[in-house]
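I opened my notebook to look up a few spots in this structure. Here is what I checked, entry by entry.

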Amino acid sequence: MAGQTRGVDDGFFGLLNRRFEPALDRPFLRLPGAGLLTYGDIHERSALAAGWLQSQGVTPGDRVLAQLPKSVDAVALYLGVLRSGAVYVPLNPAYTEAEVDWFVSDAEPAAVVRDAAAVAAGLDQARPRTGYAERGGDDLAALVYTSGTTGRPKGAMLTHANLAGNALTLSEAWAFQPDDVLLHTLPIFHVHGLMVALHTAMLSACEVIFLERFHPAAVLAELPGATVLMGVPTHYHRLLAHGGFDAAACDGIRLLVSGSAPMTAALHGAVADSTGCEVLERYGMSETLMITSNPYDGPRVAGTVGCALPGVEVRVVRDGGGGAAGRAGMVQVRGPNVGPGYWRRPDATAESRTDDGWFVTGDIGRLDAEGRLTLEGRAGDMIISGGLNVYPAEIEQALDAHPAVAESAVVGLEHPDLGEAVAAFVVAEHDAGGDPGDLAAALDNLARFKHPKRYTFVDELPRNAMGKVLKAELRTRYADLFCD
Ligand code: MLC
């Protein structure tokens, strides 16, 4: 499609600029009880943000690291970064100083923006409006940090072509229209809330009800005015648990999307029973943006993540290579959605690619005869808790450094609300027993969402003949830890 090519040719902001121009009077961000900003308002504010960044010495290609609460100014800053040709590095506000220090040392940003009041003050100063820095499709637009099975977090690089192509694909696949109203309840420091939800809405210049946090009561209060809701499975679980998430509340809804964590068939069925709406589950990653989606028109099959999006190729490869129709193997992906690799980590980039250029997701899945993908697990230890990725290695390293801990193993266990929750199994030093409160203090440098929800003291960890801890055995033995 012609728009797709143009969107890629002059950068993602170039594409947005063309979409915004005829829509300047249209409502964009509605803040319930606190006003409405039009596309024109945000366009103006992003120009101010670009001017502010330039006044701080930011030039095209520089990184701008932002650790900010969800707000209109954070959206304006993001657009200002794109507009000035810089590279956006969003960080979860839950990250600790120690974690942020690492991101700063790795990304080497020209500007670090962590003070919401300073952003507001910066944007309130009148500055000459600038145009926008033209960027090519291959230029970097964002670094999204993801942790790894070992070692430090890596910055997944995303180009303007990645952002533009994926946003255009999603807005078409999910039939976004200017008269849609997206109920936006996700954080905007991740791919889901920023690049799936907000990008798709902005491309059709539709209205967005912008909630700063996910509170079931607030979401339900706004639902009747919305046509689309996107969330993680925990959001849907909480809406059902709250009560009132029913057909009447969803009267205006044409699309419920779920992603970032697997939605169980049971939760999918419960939402359908309560609301009459079949959730559309899709699958993606920070490194690849969106890969597959259940159909907008056509059966949405519970427990599957649908078929490859247009232009994206998915294959499943078993150990030793070779396609594996109908059989489980490693999910690999190729297409214009796949980013160029990890920031300044050629080793990790090479490790994540096959010799013939496919990105290895780390997810295990199977494809059916229609090309529909079902995910069955992950190759590594990664835990997805409430839609946030948590890596056991960094928690184990911190616990093991505690003098009362001989050794530890951290696994994800089924949790009714979070999908999976972090559980720590600890062998105490010197039969001293243990104090979970004391152990939690050992994790002070890690964001709270990574902290184990339960510590279990054990005499020893299960191991195989080679001495490797058998995490699968812990997962089986303690499967009901959070479900009793
Ligand atoms: C918060 N807490 C969590 C948590 N979120 N613990 C485990 N897992 C989580 N996901 C903890 C906090 O540390 C705090 O602990 C306590 O819960 C209360 O914090 P809160 O901020 O009030 O939590 P709450 O508002 O209830 O948040 C829960 C949530 C939120 C599920 C609404 O985590 C959320 O919105 N998740 C979505 C994440 C997301 O957008 N993922 C997209 C990734 S992109 P304490 O101990 O201090 O009390 C991606 C690619 C793709 O994956 O395909 O989409």
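Which side chain makes a polar contact with the side chain of Arg463? I looked it up in the model, which is predicted. The partner is the side chain of Glu407, at 2.2 Å.

**Entry: around Arg463**

I placed Arg463 first. Arg463 sits in the loop between β24 (454-457) and α15 (471-477). I then checked its cover. Its relative accessible area is 38%, so I noted Arg463 as partly exposed, since that class lies between 20% and 50%. Leaving out residues up to four places away in sequence, Arg463 touches Glu407, Lys468, Val469 and Leu470. I also took a distance to Leu399. Arg463 and Leu399 are 64 residues apart in sequence, and their C-alpha atoms are 19 Å apart in space.

**Entry: His199**

Next I turned to helix α8 (residues 191-203), where I found His199. Is His199 buried or exposed? I put His199 down as buried, because its relative accessibility is 1%. Its side chain makes a polar contact with the side chain of Tyr78 (2.7 Å). Beyond four places in sequence, His199 touches Phe12, Tyr78, Leu163, Ala167 and Leu194.

**Entry: helix α7**

Leu163 and Ala167 are among the buried residues of α7. This helix covers residues 160-173 and has 14 residues. From first C-alpha to last, α7 reaches 20 Å, close to the 20 Å expected at 1.5 Å a residue. How many residues of α7 are buried? I noted 12 of 14, so α7 is mostly covered. After α7 comes Ala175, and I noted its positive phi, near 55 degrees.

Terms used:
Residues numbered from 1 in each chain as written. Predicted model: local features only at pLDDT ≥ 70, side-chain atom pairs only at ≥ 80, totals over all residues. Heavy atoms only, no water. Helix = DSSP H or I, 4+ residues; strand = E, 2+ residues; numbered from the N terminus. Expected span 1.5 Å × (residues − 1). Buried < 20%, exposed > 50% of the residue type's maximum accessible area, 1.4 Å probe, protein only. Contact = heavy atoms within 4.5 Å. Polar contact = N/O pair within 3.5 Å; in protein donor to acceptor, adjacent residues only side chain to side chain.
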